[in-house]
Amino acid sequence: MAEIRRGRYTAEIEGDFVVLLIGPRLNKPWLALRSLRDLGEPRRGMRAMLDDLLAQPDTGLLGYRMGRPVIVQYWRSFEHLEAWARDPGQKHRPTWLDFYRRDTRGRTGIWHETFLVRAGEYEAVYNDVPVSGLAAAGRPAPLDTGSRAGLRLRRGARHDGSAEMRGVARP
């Protein structure tokens, strides 16, 4: 079991980064074993892909959190993610193509959502949990617990509660 980091802390990461949320949808749970094969498990599925990625730091994967049914991945950029996804020498492309060529008869779906996060425009707070997620992809850092306005200050909001987006002119 992972070591618990006591107290409150946050995550710091240099520059912009990309968050990819991805997951399967087992539309016919009674056919779960077939769905796992549809998804390339165990040799070419997500766990195998992530293990390969961690062994190749230049791919741009910063870290991930394996969950069920959602897997969260942190990438340096869209370009890194797309280069890896389309590279025929990586596990993803052949598994992806096999999935779309196979007639799964609707038993298995797959979805993903991808977000660009600009430097400093995120919030991460952890309390008495192991270092994981964005803190593991970047680095854990002390959280200033002396100010209740901490989130507003970090996100550039006004103290009166109204929003003010940095870099965006308001009428």
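This is a predicted model: local features need pLDDT of at least 70, side-chain atom pairs count only at pLDDT 80 or more; totals for chains, interfaces and linings use all residues.
Residues are numbered from 1 along each chain as its sequence is written, and side-chain values use heavy atoms, with hydrogens and water left out.

The protein has an average pLDDT (the predictor's confidence in each residue, from 0 to 100) of 81, and 79% of the residues score at least 70. Among helices and strands, taken as DSSP runs of at least four residues (H or I) and at least two (E) and numbered from the N terminus, confidence is highest in strand E6 (residues 125–129), with a mean of 96, and lowest in helix H6 (residues 150–155), with a mean of 55.

Six salt bridges were counted, each defined by a side-chain nitrogen of Lys or Arg within 4 Å of a carboxyl oxygen of Asp or Glu. Arg139 pairs with Glu12 at 3.5 Å, N to O; Arg139 lies in strand E7 (residues 139–142) and Glu12 in strand E1 (residues 5–12), 127 residues apart. Arg139 also pairs with Glu14 at 2.6 Å, a residue in the loop between E1 and strand E2 (17–26), 125 residues from Arg139. Glu14 is exposed, at 54% relative accessibility, while Arg139 is partly exposed, at 34% (buried, under 20% relative accessible area; exposed, over 50%; partly exposed, in between; 1.4 Å probe, protein chains only).

Within helix H3 (residues 78–86), Arg86 and Glu82 are four residues apart, about one turn of the helix, and their side chains form a salt bridge at 3.1 Å.
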